Amino acid sequence: MSRASGTWGEAQVAAYLRKRGYELIAHSYHCRFGEIDLIARKGKVLCFVEVKTRSNLHYGLPREYVTPLKQEKLRKTAAFYLMEKELDCPVRFDVAEVYSDGMHSPESIRIEYLENAF
């Protein structure tokens, strides 16, 4: 998958979250520990969202690529974000799977959103 395809998937998930009442806080947050694709708020809960975009399942489900090592990197990155922003609030880690054909036609888009994925 190309970086452009990943960015496209992140934009799809951002729109999906907004429609469901989430406030988008950050996109592609980077620090020395890693990257978080999306950070959103739903009520008092801050959601750190990992987005995985796929056009087929030849190599497994997208969620399977959020390995224990990746989860640890996301936790460290989220902890740094919370410290940097001086936030003390409930958090959760979500995974968004974006399925589409290779051309990203609007009728082919399907999003599976997994709250509290890990």
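S100 counts as buried because its relative accessibility is 6%, where buried means under 20% relative accessible area, found with a 1.4 Å probe on protein chains only. The model is predicted, so that local features need pLDDT of at least 70 and side-chain atom pairs count only at pLDDT 80 or more, while totals for chains, interfaces and linings use all residues. Residues are numbered from 1 along each chain as its sequence is written, and side-chain values use heavy atoms, with hydrogens and water left out.

S100 sits in the loop that runs between β4 (91–99) and β5 (110–114); strands are DSSP runs of E with at least two residues, helices are runs of H or I with at least four, and both are numbered from the N terminus. Beyond its neighbours within four places in sequence, S100 has contacts (heavy atoms within 4.5 Å) with W8, R54, S55, S105, S108 and I109.

## Two hairpins

Strand β1 (residues 23–31) pairs with strand β2 (residues 34–42) in the antiparallel sense over seven bridges, pairing being assigned if DSSP finds at least two bridges between two strands. These strands, β1 and β2, form a hairpin with two residues between them, and H27 stands opposite L38 in β2.

β2 also pairs in the antiparallel sense with strand β3 (residues 45–54), over five bridges, and I39 stands opposite F48 in β3. Two residues separate β2 and β3 in their hairpin, where G43 in the turn has a positive phi of about 65°.

## Helix α2

In helix α2, the buried residues are Q71, L74, T77, A78, F80, Y81 and L82, and the buried residues of α2 pack against β1, β2, β3 and β4. After α2 comes E86, with a positive phi near 55°.

Notes. Buried means under 20% relative accessible area, exposed over 50%, partly exposed in between (1.4 Å probe, protein chains only).
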